[in-house]
Amino acid sequence: MAESCFLSSSLKPRLSFRAGNDQWISCFPPNARACNLRILSNSRASITAPYTPDPKPIGIPRQWYNLIADLPVQPPPPLHPKTFEPIKPEDLSPLFPDELIKQEATTERFIDIPEEVIDVYRLWRPTPLIRAKRLEKLLDTPARIYYKYEGGSPAGSHKPNTAVPQVWYNAQQGVKNVVTETGAGQWGSSLAFASSLFGLNCEVWQVRASYDQKPYRKLMMQTWGAKVHPSPSTVTEYGRKILERYPSSPGSLGIAISEAVEVAAMNADTKYCLGSVLNHVLLHQTIIGEECIKQMEAIGETPDVIIGCTGGGSNFGGLAFPFIREKLDGKINPIIRAVEPAACPSLTKGVYAYDYGDTAGMTPLMKMHTLGHDFIPDPIHAGNLFIF
């Protein structure tokens, strides 16, 4: 599950929900008076000090936040894979529905979340902000450590935050099929879940190493109606080429992306969905940070350090981007840290250059920290990205 940590040394929290030694930060402010409330047979909620409450509960944010609107310099534009010229919106039409193309290029600061998407979000959002008391004790630190827990979604990660709107926008345009790649299976299962809600067919290419190591993720995708292939596969021309050269290839996300993009580009009723990297994906994930800002305000905390894991950036960006906005506005001044795996060190060891997002060179080129579009990590890490 994708989780991100906060370290804060400002004010002590006034509201606690205890289950054993864990402390949960409630999404709903209580009455001002101190009280004890039985929640479960072995859990107790308590307010340790009176404070002025917000009479309104902390609900689901109604807008996504677009960090690009606040950047002093716009990011370099994606380039067409054949002409190497800045890509035009119509160039993306074979892969994405019109509304997602608009979101990819928008400079608006906030984008309204469709009511139908919010209705699905209500299945698991708002998600809890949890204080890691046992970790604090283990580290013997005076810091107060919080993490935003996104594992309560139906697919078990933060990925449905973007899978649901992506499938919804495709359904609104009359698209019948969506295709994608997946590594460990979080994104593939999230897209399969969202597709089952809106009546779309879903086809997933899963990195071969993960396909073999994680059979229950494949089962989850299939339970939601998705068709799942190990990548490289014999289904696509590019997959067959890889297997001819490397019959025992463990696969990579770059290869799986190439296979999914190939199918989308060749079928008019099919669109491609991506679970990370792109602007519209990170836009959708900012619901995490927007919620978290409200939750920390409700308990009188201000983060001093914000930490997030990075691969393609959706987890890190979803948490950090709204806080970066607050920092740019001069409201807070946290240190923000991105952490990546040593097995795929694109930020710390990669080159900042234009590169393809897939192995075959079918996708637009993007300015990124890259280990090379033909990079294939060790099988233990084959399900993760080579770019950011």
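Which side chain of opposite charge is nearest to glutamate 262, and how far away is it? In this predicted model, the nearest such side chain is that of arginine 240, 5.5 Å away. Glutamate 262 is buried and has no salt bridge.

The surroundings of glutamate 262 can be followed in the structure. The residue belongs to helix α9, which covers residues 253-266. Its side chain reaches the backbone nitrogen of glutamate 237 at 2.8 Å. Apart from neighbours within four places in sequence, the contacts of glutamate 262 are Thr236, Glu237, Tyr238 and Met362.

The chain as a whole gives the setting. The protein chain has 13 helices and 17 strands. It has 388 residues, and 54% of them count as buried. When contacts between residues at least 6 apart in sequence are considered, 72% join residues at least 24 apart.

The surface comes next. The protein chain has an accessible surface of about 17,500 Å², and carbon and sulfur atoms account for 55% of that area. One nonpolar patch on the surface is formed by Leu135, Leu138 and Leu139, which together have about 310 Å² of accessible area. Leucine 138 lies in helix α3, residues 133-139. Why does leucine 138 count as exposed? Its relative accessible area is 70%, and exposed means over 50%.

Note on methods: Residues are numbered from 1 along each chain as its sequence is written. This is a predicted model: local features need pLDDT of at least 70, side-chain atom pairs count only at pLDDT 80 or more; totals for chains, interfaces and linings use all residues. Side-chain values use heavy atoms; hydrogens and water are left out. Helices (H or I, at least four residues) and strands (E, at least two) are DSSP runs, numbered from the N terminus. Buried means under 20% relative accessible area, exposed over 50%, partly exposed in between (1.4 Å probe, protein chains only). Contact means heavy atoms within 4.5 Å. Accessible areas come from the Shrake-Rupley method with a 1.4 Å probe; for residues, only the protein chains shown count as cover. Patches are made of residues with over 30% relative accessible area and no salt bridge: like charges are joined within 9 Å, nonpolar side chains (Val, Leu, Ile, Met, Phe, Trp, Tyr) within 5 Å. A salt bridge is a side-chain nitrogen of Lys or Arg within 4 Å of a carboxyl oxygen of Asp or Glu. Lys and Arg count as positive and Asp and Glu as negative; His and the chain ends are not counted. A polar contact is a pair of N or O atoms within 3.5 Å; within protein, one must be able to donate a hydrogen and the other to accept it, and residues adjacent in sequence count only if both atoms are side-chain atoms.
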